[in-house]
Amino acid sequence: MSSPSASSGSLNTLTPTRKTKKKHFVQQKVEVFRASHPVLSVLMWGVNHSMNDLSQVPVPVMLLPDDFKASIKIKVTNHLFNKENLPGQFKFKEYCPQVFRNLRERFGIEDQDYQVSLARSPPVKDEEGQAMGLLLTSYDRTLVVKEISSEEVEEMHNILSEYHQHIVTCHGITLLPQFLAMYRVTVENEDTYLLVMRNMFSHKLHVHRKYDLKGSLVSREASFKEKVKELPTYKDVDFRNNMQKIYVSDEEKQRVMDKLNRDIEFLVRMKIMDYSLLLGIHDVERAEREEEEEEEEEEMEMESSCEEEEEDENGLVPAPSSSSPDGIAGYMNSFKPMVPGEFDPYVDVYAIQCAVGAPQREVYFMGLIDVLTQYDTKKKAAHAAKTVKHGTGAEISTVHPEQYAKRFREFITKIFA
C-alpha cells in the first residue's frame, strides 16, 4: 500500500495487460455483494480495499499536520473479475485515512466492525435523501452515509484538525456528528462525495416522532407534504404547537446541556451556524404493541409458507461465519433479548432514557446535525434579505454565529419539562 499521504496511484494488479487475451482474476479478501446503485458497489469495494490496506499500516504514534491533508486514490480500468457487480471504470478516493482511523478509535469503533457494518451488505437508501442526494443507512442501521457537496468537503478539511482536537478534549463525549470517514466515488466521470457518520438514531429501537430544531419560528413549520409521510420531520413551530416536552431527570438534563454548551462553543469558534438539534422519540408502549402485532403476523406467515427459504439468490445477506466480526452492533446478538425501551449506551450513544414517573415511557435520541455551514458571504446576503423581509427583530435563522448559538441554546433549554 502507498503511504497515506500518497495523492494518487493506479491499481495495476486489477488492470489487465493488452498484449494477451487472458483474463486476470484477483483474489478478494472480502466478497463484494451486488448493490442496486453503481456508486454503492464502488463504495463497498473501496471500503473493503482501503480498510484491508490500512490494517497493514502501523498506527502512528501521533498525527502530523500532513495527515490532515492526506488522501489515497485508486483508479480501476477494464475491471474483469467482478464486472457483473462493478462498473468497467471507476475511481475511489479516501480522505485523511489516518485521521479518521484515529477518530473511529476515539468513538469506540473498531476498524473491522466498521468495515463489516458498511460493506458486508449494501447500505439502504433513505427516501428522504432523494431531494438532497444520496442518504444511506448501513444494513445494520449503525452508520449513516450522506452525499455532500465539494464545498462541504472543503469545509470538512477546514475544521477537521480543530474537530479532532475537540473530540480528544471531550473524550469523544459529544452531541456533534461522529465523523468516521470521507470518500469520493467517481463513476462515468461523475464525482460523488460521501461522508460516513454514526447513526444518531438506534439500530434497534424505532423512532416514532422526529424533530429538526433550530431555535427559530420563522418558516420553521413542516409542510403539508412532509406531514403526510410515515415518519415526518417536524420543526420548531410544530414542536411548540404539539406542546411537546422532553421528560428526563435533572442529572440527565445537566449532562445534555454540558455537552451542548461545549459543542456550541466549538461551533462558534469555527464560525459555524445553521445547525439543528435532531430529536427522535421512541414510544415504548407503542413499540410493545407493534412487536405483538409483528409476532402474530410472523406466526401466520410461518404457518402459510415454510418452503420460502431461498432468499440467498440476491446475495445481499450472507450468513456470517462464526469467526468473522459482526459489525458495530453485532456482539449484541449473543446477549439475552433486551426489555422494551432498553438500549446499549455503547452503541446507541445519542440515546437518553426518560425520567422515572414521566407521563409516557419514552427514549430520546438527541444530536447536532448540519454542522458544515460557515457564516460566509452567502449567509451574510441571506441574512440581509431576510432582515428586509421580516424586520430586524424577527427570529430569522440566518444570523451571526454568536447570535445563532445564543438563541439556539435558549430554545433547547426550554424543550425540557
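These are legends for a set of close-up views of one predicted model.

**View 1. The whole chain, before zooming in.** This predicted model has a protein chain with 10 helices and 12 strands. Of its 417 residues, 49% count as buried. The chain exposes about 22,700 Å², and carbon and sulfur atoms supply 50% of that area. Take the contacts between residues at least 6 apart in sequence: 73% of them join residues at least 24 apart.

**View 2. The largest nonpolar core, around Tyr275.** The largest nonpolar core has 89 residues, and those with the most contacts inside it are Tyr114, Tyr275, Leu368 and Ile415. Helix H1 gives the most to this core, with 8 residues. Which residues does tyrosine 275 contact, leaving aside its neighbours within four places in sequence? Among them are Leu213, Ile264, Leu267, Leu368, Ile369, Val371, Ala405 and Phe408. Tyrosine 275 also touches Lys214, Asp370 and Tyr404.

**View 3. Arg101 and Asp111, helix to helix.** A salt bridge joins aspartate 111 to arginine 101, with the closest N and O atoms 3.9 Å apart. Aspartate 111 sits in helix H3 (residues 111-119) and arginine 101 in helix H2 (residues 97-106), so the partners are 10 residues apart and the pair links distant parts of the chain. Aspartate 111, at 24% relative accessibility, counts as partly exposed.

**View 4. Arg220 and Asp236, a buried pair.** The side chains of arginine 220 and aspartate 236 meet in a salt bridge at 2.9 Å, N to O. Arginine 220 lies in the loop between strand E8 (209-213) and helix H5 (224-227), while aspartate 236 belongs to helix H6 (residues 236-241), 16 residues apart. Both arginine 220 and aspartate 236 are buried.

**View 5. Glu288 and Arg361, across 73 residues.** Here glutamate 288 forms a salt bridge with arginine 361, and the closest N and O atoms are 3.5 Å apart. The pair links distant parts of the chain, 73 residues apart. Glutamate 288 is in helix H8 (residues 284-304), whereas arginine 361 is in the loop between strand E11 (351-353) and strand E12 (362-369). Glutamate 288 counts as partly exposed at 27% relative accessibility, and arginine 361 counts as partly exposed at 36%. Back at Arg101, salt bridges that share partners join Arg101, Arg104 and Asp111 into one network. Across the whole structure, a search finds 14 salt bridges.

**View 6. A nonpolar patch at the surface.** Val61, Met62 and Leu64 form a nonpolar patch on the surface, and together they have about 380 Å² of accessible area. Leucine 64 is found in the loop between helix H1 (38-54) and strand E1 (71-76). With a relative accessible area of 49%, leucine 64 is partly exposed, because exposed means over 50%.

View 7. How many disulfides does the structure hold? The count is 0. Cysteine 96 counts as buried at 0% relative accessibility. Cysteine 170 also counts as buried, at 5% relative accessibility.

Key
Residues numbered from 1 in each chain as written. Predicted model: local features only at pLDDT ≥ 70, side-chain atom pairs only at ≥ 80, totals over all residues. Heavy atoms only, no water. Patch = residues over 30% accessible without salt bridge, like charges linked within 9 Å, V, L, I, M, F, W, Y side chains within 5 Å. Areas by Shrake-Rupley, 256 points an atom, 1.4 Å probe, with all protein chains shown as cover. Salt bridge = Lys/Arg side-chain N within 4 Å of Asp/Glu carboxyl O. Helix = DSSP H or I, 4+ residues; strand = E, 2+ residues; numbered from the N terminus. Buried < 20%, exposed > 50% of the residue type's maximum accessible area, 1.4 Å probe, protein only. Contact = heavy atoms within 4.5 Å. Disulfide = S-S within 2.5 Å. Core = buried A, V, L, I, M, F, W, Y, C linked by side-chain atoms within 4.5 Å.
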